[in-house]
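Let's take a walk through this model together, one site at a time. Please keep the viewer open as you read.

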Amino acid sequence: MSTGTSTDTPEGADGPGEERPIVIVGASLGGAKAAEALREAGYRGGIVLIGDEHERPYERPPLSKGYLLGKTPREKIYVHPPQWYGEQNVTLRLGTAVASVDPAAHTVTLADNGRIAYAKLLLTTGSVPRRLPVPGADQEGVLYLRRVGDSDRIKAAVERPGARIAVIGAGWIGLETAAAARTAGAEVTVLEAAELPLLRVLGREVAQVFADLHREHGVDLRFGAKVEELVGEGGRVTGVRLADGTTVAADAVVVGIGIAPDTALARTAGLDVEDGVRTDEHLCTSDPDVFAAGDVANAFHPLFDRHIRVEHWANALNQPQTAARAMLGQDAVYDRVPYFFTDQYDLGMEYTGYVEPGGYDRVVFRGDPATREFIAFWLADGRVLAGMNVNVWDVTDPIRELVRSGRAVDPDALADPAVPLSEL
Ligand SMILES: Cc1cc2nc3c(=O)[nH]c(=O)nc-3n(C[C@H](O)[C@H](O)[C@H](O)COP(=O)(O)OP(=O)(O)OC[C@H]3O[C@@H](n4cnc5c(N)ncnc54)[C@H](O)[C@@H]3O)c2cc1C
Ligand SMILES: NC(=O)c1ccc[n+]([C@@H]2O[C@H](COP(=O)([O-])OP(=O)(O)OC[C@H]3O[C@@H](n4cnc5c(N)ncnc54)[C@H](O)[C@@H]3O)[C@@H](O)[C@H]2O)c1
């Protein structure tokens, strides 16, 4: 297969004996893992992995943790070493944006008008940060965190001596960045619209643990904050003006107010889109030759009997294996229990399960949350929906099993550290 593109005959099309490749749009963790899974499943045809970033596929979790803290070297963030793509005969097209998809013609059109034909297409286009919709938000010093270059810019800002950092949003980005900035010695104010950090995901009981953690580390946490304007001088941000009339002075503002799945291509291609690209349990979209995985996929999940979209690393790591096998015509279903993790200061945690905002009726703690060494369980009708282990390790297997089984458990036994989780 040639690697050039043409505006008249699409690459990979029509030539005698030339099979159309599998094309993956999104040279991300998800995209790279899909290419790997295709080879592992024995597929020997062409694979074209296209990404608009200039870096080869890398993982994002270190960008708000080890890499931002200067502990994880840059070469450790990549999914594969550079030579892997050549060795696996994966054509990697970086700095290349796909402008549109034509499902009828089975082609993708690049921003430079080149076209590539596909046999099957996988969308791993991920998500994009929501922009702050207030005056002054386009000034210098207003920073978002999605790409490695963003992490470099935030690192430079938080390491400046005497830096004052305002963080808007106390979600995962906001809290992890706040922790890294405090660790670097910056003064940090976090401005969150809700009453507690991570409230939608964790609920009041456990969200409080994160509020206490950050306050103890000297973060000025302000809840119910309504940001009205980012003020500045000479095009550079100098602070955040709130609806209560106060202004928080800042040398840099980090915005982490959530993401939106990047469905632009899917929409224009006429695929079913509803909070992401809708797929079935095989990660197949409304077009039988187009698949989606990772942040962008709103996939039917057999365990929960509904569509869910998961914005976390493990999902982008594992869904591509199912998508790859399904693209090869194998019977593969994605039914893993969602999982994610965070590290903030000396708190490390893993979360296993899935709870709709407000979708639980009870939280049971095994251990005292004040010690920051505990497991929290979210229950509905006596069944465990999710468990989160904080500074307690090697328990995700039994927690996953409790969630998957859907069996009712005795809350007293659940709270009792003497009862092994595997015996519940
Ligand atoms: C700073 C940070 C820290 C995180 N930490 C954690 C963590 O600790 N734990 C956890 O579970 N999760 C974490 N996450 C979430 C996790 O990184 C994401 O869920 C994961 O990156 C999703 O991967 P993906 O492959 O679906 O897409 P993405 O990583 O979003 O990548 C999509 C890629 O597709 C490209 N693209 C989009 N459209 C086009 C197009 N038209 N043409 C070409 N290329 C295109 C994008 O530029 C991007 O490179 C973190 C995320 C961030 C940003
Ligand atoms: N450890 C992890 O799993 C991890 C770490 C970093 C990022 N991520 C992923 O990255 C993505 C982005 O993270 P995020 O933190 O931006 O999103 P998020 O959805 O986790 O949190 C956004 C927060 O911003 C608040 N908010 C929204 N609008 C606001 C406003 N105008 N003013 C003040 N607060 C406002 C929300 O109430 C919420 O608390 C998510 O998909 C997340 O899962 C995950």
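**His-307 and its surroundings**

The side chain of His-307 reaches the backbone oxygen of Thr-279 at 3.0 Å. This is a polar contact, meaning a pair of N or O atoms within 3.5 Å; within protein, one must be able to donate a hydrogen and the other to accept it, and residues adjacent in sequence count only if both atoms are side-chain atoms. A second polar contact, of 3.4 Å, joins the side chains of His-307 and Arg-278. His-307 itself belongs to strand S21; helices (H or I, at least four residues) and strands (E, at least two) are DSSP runs, numbered from the N terminus.

A word on the conventions: this is a predicted model, in which local features need pLDDT of at least 70 and side-chain atom pairs count only at pLDDT 80 or more, while totals for chains, interfaces and linings use all residues. Residues are numbered from 1 along each chain as its sequence is written, chains are lettered from A and ligands numbered from 1 in the order in which they are written, and side-chain values use heavy atoms, with hydrogens and water left out.

Phe-304 sits in the loop between strand S20 (297-301) and strand S21 (306-308), and Tyr-354 in the loop between strand S23 (347-353) and strand S24 (362-366), so the pair ties together parts that are 50 residues apart in sequence.

Which residues come nearest to ligand 1? Of the 34 around it (each with a heavy atom within 4 Å), they are Asp-52, Glu-53, Arg-60, Lys-65 and Asp-295. A polar side-chain atom of Asp-295 lies 2.6 Å from an oxygen atom of ligand 1, and an N or O atom in the side chain of Arg-147 is 2.8 Å from an oxygen atom of this ligand. Phe-341 takes part through its backbone, with an N or O atom 3.4 Å from a ligand 1 oxygen. The protein covers 93% of the 1000 Å² of accessible area (Shrake-Rupley method, 1.4 Å probe) that ligand 1 has on its own. Helix H1 (29-40), helix H8 (313-327) and S22 each give two or more residues to this shell.

Ligand 2 has 21 residues around it, and Ile-173, Glu-176, Glu-192, Glu-311 and Phe-341 come nearest. An N or O atom in the side chain of Glu-311 is 2.5 Å from an oxygen atom of ligand 2, while a polar side-chain atom of His-312 lies 2.9 Å from a ligand 2 oxygen. A polar backbone atom of Gly-256 is 3.4 Å from an oxygen of ligand 2. Taken alone, ligand 2 exposes 840 Å², and the protein buries 79% of that. H5 and S22 each supply at least two residues of the shell around ligand 2. By class, that shell has eleven nonpolar (Ala, Val, Leu, Ile, Met, Phe, Trp, Tyr, Cys and Pro), six polar (the others, Gly among them) and four charged residues (Asp, Glu, Lys and Arg).
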